[in-house]
There are 2 protein chains.
Amino acid sequence: MAINYPNPKKTTTKVINRSNLGMTLEGDIESTNQYYLDKNIAVIYKKPTPVQVVTVSYPARNKAKITEAYYKTPSTTDFNGVYKGYYIDFDAKETNSKTSIPLKNIPEHQIIHLKRIVDAGGIGFMIVYFSAVNEYYYLPFDVLYDHYQDSLKGGRKSISYETFQRDAYPIKFGYNPRIDYLKIIDTFVIPGLLAATFCK
Amino acid sequence: MAINYPNPKKTTTKVINRSNLGMTLEGDIESTNQYYLDKNIAVIYKKPTPVQVVTVSYPARNKAKITEAYYKTPSTTDFNGVYKGYYIDFDAKETNSKTSIPLKNIPEHQIIHLKRIVDAGGIGFMIVYFSAVNEYYYLPFDVLYDHYQDSLKGGRKSISYETFQRDAYPIKFGYNPRIDYLKIIDTFVIPGLLAATFCK
């Protein structure tokens, strides 16, 4: 369970602050994906949380009741789908630090998964929310991967806020869609892919 | 639970018959996907079955135990992923009829989902297994959709075996990969996509 520490600065800001509206990062992204779906823009879903079912009972006809089960660690990221023919794959992370996001917040299996995605021609990234400053960023996978590899060689174990300002793309929080990450893909990612390979 | 009816013909066939090996269609596809992943060919996963969790207890530290939960109907198909930059999305169905597969075996929400996928530039299809003759087919979404629309207008409520022989692509069952559906995509689907749009 996340603990919401009091943050006096939040009361003075004029920008939309989702923490006042009972929203969560995941909920905001699901709302954004629903907007894309409703407008026929993209088909992107959150994968269900995997559950290891141990015991099922049948107290009533046609309705199986799971009576013993455990959460499993997902082997992939939370979100994937298709936009303009491109395969999209990402996860979302939140940090309440003003200065960086620790790499330990990003499980290694997600980095391995995103590496495979990018190698297979997909678009992989992270959405990172700095809650202390109420800012969202699209973090391209290559930036994440560079920092991950540095950390394996003894480099710093986090990605600094300055790196986000320099190498990531800010996503403006809006009413609907709330976190319009496809705008970043349209503006910065797809042109790069088209330039790299004239045709597939 | 599926009931395996005795089928005298199965004992006389020389082709690999997975029903003798304790395999399932879903298991064969998961094995195929694992092969693609291990060989860095494609990244395609089965989505977890969605579960509505009602009650969780904490009998031991760090291990949540789900004590009441129910299966939910998935809103999408079972499998998706990326191959050569293309978004891949499909489900798998089995029929023990020799003459057709009933459209009621394919839930409407999966047809709606695949329609959205294809409209967004992804590759959507079904893998259909005719267990009586031990044959696998790649059924392109447009063929499925034509039959679905016909059925809504009062047409037949199934897709005939003859349609599969004419408009679908047979997938030869193998040892590893077992159901090499990407070979169909390589040979028949991607060339068509490239011809339709020289560049995206």
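Two strands pair if DSSP finds at least two bridges between them; helices (H or I, at least four residues) and strands (E, at least two) are DSSP runs, numbered from the N terminus. The model is predicted: local features need pLDDT of at least 70, side-chain atom pairs count only at pLDDT 80 or more, and totals for chains, interfaces and linings use all residues. Residues are numbered from 1 along each chain as its sequence is written, while chains are lettered from A and ligands numbered from 1 in the order in which they are written.

**Exercise 1.** Determine how strand S3 of chain A is joined to S3(B).

*Solution.* Begin with the bridges: four of them join strand S3 (residues 63-71) of chain A to S3(B). Next, consider direction: the two strands run antiparallel. Finally, locate one position: A:Ala69 stands opposite B:Ile66 in S3(B).

**Exercise 2.** Describe the side of chain B that touches chain A.

*Solution.* First, count the residues in the contact (C-beta atoms, placed from the backbone, within 7 Å): chain B gives 34 residues and chain A gives 34 residues. Second, identify the elements of chain B that give two or more residues: strand S1 (43-46), strand S3 (63-71), strand S4 (79-83) and helix H2 (108-119). The largest share, nine residues, comes from S3(B).

Methods
Contact = placed C-beta atoms within 7 Å.
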